[in-house]
Amino acid sequence: MRPRPAATLPPPPRVGDELPPFQLTLTQQRLVMGAAANHDFAPIHVEPDAARASGAPGTYANTTFLETVLEAALRSWAGPTPRIRMIEFSMTGFNCAGDEI
């Protein structure tokens with residue numbers, strides 16, 4: 001049996017580097033499933049009327065969901081092998097059902 005060739009990894013990113021585009025459409029179903037997966041049943045994430053009553057334009061993604069999407073974007077670029085040591089991000093607006101992120 002021949003040995004498997006070593007994986008070719010991209011060069012490590014530096015602060016300010018842009019990664020390839022990664023897009024995801026936020027559907028109501030995806031937001032509800034994401035909230036359920038991490039037991040975040042706050043009405044603002046699953047009920048459009050409750051979200052609007054809170055000042056949001058509609059149901060919106062929770063922090064864990066957005067962190068997962070960010071990790072998926074990193075892994076689509078780097079592959080499954082590299083270790084992600086830390087993820088830091090700021091939420092500056094709502095990511096609502098119907099949005100493309």
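Which residues does Leu26 touch, not counting residues up to four places away in sequence? Select Leu26 and look around its side chain. Leu26 touches Leu31, Phe65, Asn95, Cys96, Ala97, Gly98, Asp99 and Ile101. Contact here means heavy atoms within 4.5 Å.

Before moving on, some ground rules. This is a predicted model, in which local features need pLDDT of at least 70 and side-chain atom pairs count only at pLDDT 80 or more, while totals for chains, interfaces and linings use all residues. Residues are numbered from 1 along each chain as its sequence is written, and side-chain values use heavy atoms, with hydrogens and water left out.

**The whole view**

Zoom out and colour by secondary structure. The protein has four helices and zero strands. From the N terminus on, its elements run α-α-α-α. Helices (H or I, at least four residues) and strands (E, at least two) are DSSP runs, numbered from the N terminus.

Along its principal axes it spans about 60 × 35 × 20 Å. The radius of gyration of the protein is 17 Å, whereas a compact globule of 101 residues would have one near 13 Å. That radius is taken over C-alpha atoms, and the globule rule is 2.2 Å times the number of residues to the power 0.38.

The protein exposes about 7700 Å², and carbon and sulfur atoms supply 56% of it. Accessible areas come from the Shrake-Rupley method with a 1.4 Å probe; for residues, only the protein chains shown count as cover. Of the 101 residues, 20% count as buried. Buried means under 20% relative accessible area, exposed over 50%, and partly exposed in between (1.4 Å probe, protein chains only).

**The nonpolar core**

Select Leu24, Leu26, Leu31, Ala61, Phe65, Leu66 and Val69. These seven residues make up the largest nonpolar core. H4 gives the most to this core, with three residues. A nonpolar core is a set of buried Ala, Val, Leu, Ile, Met, Phe, Trp, Tyr and Cys residues joined through side-chain atoms within 4.5 Å. In soluble globular proteins, nonpolar side chains tend to be buried together.

**The loop between H3 and H4**

Is Thr59 buried or exposed? Select Thr59, in the loop between H3 and H4. Thr59 counts as buried because its relative accessibility is 2%. Its side chain joins that of Gln28 in a polar contact of 2.6 Å. A polar contact is a pair of N or O atoms within 3.5 Å; within protein, one must be able to donate a hydrogen and the other to accept it, and residues adjacent in sequence count only if both atoms are side-chain atoms. Among the residues that Thr59 touches are Leu31, Ile44, Pro48, Ala51 and Cys96.

Asn62 is buried, with a relative accessible area of 5%. Its side chain makes a polar contact of 3.2 Å with the side chain of Asn38. Another polar contact of 3.2 Å joins the side chains of Asn62 and Asp40. Leaving aside neighbours within four places in sequence, Asn62 is in contact with Gly34, Ala35, Asn38, Asp40 and His45.

Go to Pro43, in helix H2 (residues 43-46). Pro43 is partly exposed, with a relative accessible area of 40%.

Step back to His39, in the loop between helix H1 (28-37) and H2. His39 has a positive phi of about 60° although it is not a glycine. His39 is exposed, at 64% relative accessible area.

**The salt bridges**

How many salt bridges does a search of the whole structure find? The search finds two. A salt bridge is a side-chain nitrogen of Lys or Arg within 4 Å of a carboxyl oxygen of Asp or Glu.

Select Arg52 and Asp49, whose side chains meet in a salt bridge (2.8 Å, N to O). Both lie in helix H3 (residues 48-53), three residues apart, about one turn of the helix. Arg52 is partly exposed at 44% relative accessibility, and Asp49 is exposed at 59%.

Finish with Arg75 and Glu71, whose side chains meet at 3.0 Å, N to O. They are four residues apart in helix H4 (residues 63-78), so about one helical turn separates them. Arg75 is partly exposed at 28% relative accessibility, and Glu71 is partly exposed at 33%.
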